[in-house]
Amino acid sequence: MSLLVVGLSHRTAPVSVLERAALAPEARGKLLQDAVGAEPTAEAAVLSTCNRIELYADVDKFHAGVAELSSLLAAHSGVDLEELTPYLYVHYEDRAVHHLFSVGCGLDSMVVGEGQILGQIKDALAVAQEQHTAGRLLNDLFQQALRVGKRAHSETGIDRAGQSLVTFGLEQLAAGRPVAEWVRGRRALVIGAGSMSSLAATVLARAGVTELVIANRTLERARRLADGLGGDGLTARAVPAAATLDELPHADVVVSCTGATGLVLTADDVAAALAARGGPDGAGDEPLALLDLAMPRDVDAAVHRLDGVRLVDIETLAEAAADAPMAADVDKVRGIVADEVAAFGAAQRAARITPTVVALRAMAADVVTAEMARLEGRLPGLDDRQRAEITQTVRRVVDKLLHAPTVRVKQLAGEPGGAGYADALRELFDLDPQTVAAVSNPEQERQ
C-alpha cells in the first residue's frame, strides 16, 4: 500500500472554484466512507479548509487511486470532474508526506507561517478516526505532521512570516494602521462561533473593541464564547443567528465565518444596514468594515460595489498574500521538513518489514517446538530440568543465528529502495504470505 494525496488549493485554483468545491462538514464523513469503500483504497482522510480541499489515502494502485480520488472529490464537491481536473494536484509517497508536513508548518498557507492549519489538521485526523477510516499509516502521518508543525513554530521564527487569516484580514481592513489602534473603541459583530470565528472574537476583544456581539445558530455556544471574553471594559453578548440583520447597523467591524451553504449577508442586507446607520450623522465617517473568512463565502461579492463599506474576503486575501514578503526563517522550516520527511519515510519502510521478521521468528519458534517434540519421542527418559536446558540452548542458537540478519534487514529496509527486502525474506525462507498478513493485521488494529 502507498500514500496518495489528490487535492486543490488557493495555489492551483481560483477562489470561485474553491468556493464551489468547498465541503460541508456533514459531507466529509460520507466522502471518507465512499473513499474506503472504493477498491484501491484502504485508509482515507480529508483536509478541508477555507483555501484547500485534499483527500489523503492509502492505495494499492497509483493510477486507479488517482482516478478514484479525483472522481470522489468531484462527486462530493458538486464540481464536474472535467472542470475540476485542471486544478487538481497529485502527490505520491514521499512527495505526499512532504506536502502535508509543509502544509502543517504553514509553508503552503495563503498567509505563510499561520498556525491555524495545525488545528485543522488535528480536526481532519479526528474526523477520520471517528469514521474509522484512518489506519496505521494516516494516523502516523497526521500525528507526525502536527509534531513537525509545532517543531517549526518553536525552533524558528516562522510566526514572523505571517499570521492567522483573522489577523491578516483585519490588517487589510485597517489599511496600514495598527489593528489595535484601528479597532479600539469600536463595536464588533462576529457571525459564527466555530474555531475561526472564536479566534476572530478573541483577537477583537484583545485589540480593544468596546462591544462584541456573537451571532450563531446555536445560541448556547455563542453565549459560552461571549461569557469568556466579557469584562475589562468590554461588553460581550450573544444573539441568535436570526438577529444578525438587527445587529448589523450597530456594528463598525463585522467578521463572518460560518458553515452556511448560502449567503449570510446579501448586498441588499448590507445596503439596508448602511441606510440604517445614517451616514456621517449616524455611525460616523468610517466605512462599515466586513471580513468574510468563509468558504463558500458568507457575504455577497456585490457588496464590493457599495459605497460606505469595505469588504475583505478570501479572494482579496489571496491577492494581498501574493505580495507578502517571505521571512528568512522559511528556509529553516524547509530544512526541518526535509529532515522529517526522510525520517518518516525510513520509519515507514522499516515498519513494513516488521511483520515479515515477526513471521520468520514465529516460524523458527515452531521449528524449535517441533524438533523438541521429536527429541522427546527419541529420548523419553529426559527429566524436566534436562528438557528445559536443551530447549533453552536450541532457542539461543536460533536467536543468535537470526539476530544479525533481522537487524540488518530492518536497517536496509529503512533506506530508499529497501521495499524489496521483505519480499526477499519471504522467498528465501518460504514464508506463507497469509501468515505475514495475519501478523500485520493485529498490529494495525492496535495502532
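Colleague: How many of the six residues of strand β6 (residues 211-216) are buried?

Modeller: A residue is termed buried under 20% relative accessible area, exposed over 50%, and partly exposed in between (1.4 Å probe, protein chains only). In strand β6, five of the six residues are buried, which leaves the strand mostly covered. Strands are DSSP runs of E with at least two residues, and helices are runs of H or I with at least four, numbered from the N terminus. The model is predicted: local features need pLDDT of at least 70 and side-chain atom pairs pLDDT 80 or more, whereas totals for chains, interfaces and linings use all residues. Residues are numbered from 1 along each chain as its sequence is written, and side-chain values use heavy atoms, with hydrogens and water left out.

Colleague: Which strand do five bridges join to β6?

Modeller: Two strands pair if DSSP finds at least two bridges between them. Here strand β5 (residues 187-191) is joined to β6, and the two run parallel. Within this pairing, L189 stands opposite V213 of β6. In general, side chains of a regular strand alternate between the two faces of the sheet.

Colleague: Is T133 buried or exposed?

Modeller: T133 is buried, with a relative accessible area of 2%. T133 lies in the loop between α6 (116-130) and α7 (136-155). Contact means heavy atoms within 4.5 Å; leaving aside residues up to four places away in sequence, T133 touches several residues, among them L32, V36 and L138. The T133 side chain also reaches the backbone oxygen of A44 at 2.8 Å.

Colleague: Where is M363 found?

Modeller: M363 belongs to helix α15 (residues 329-378). M363 is partly exposed, at 30% relative accessible area.

Methods
Polar contact = N/O pair within 3.5 Å; in protein donor to acceptor, adjacent residues only side chain to side chain.
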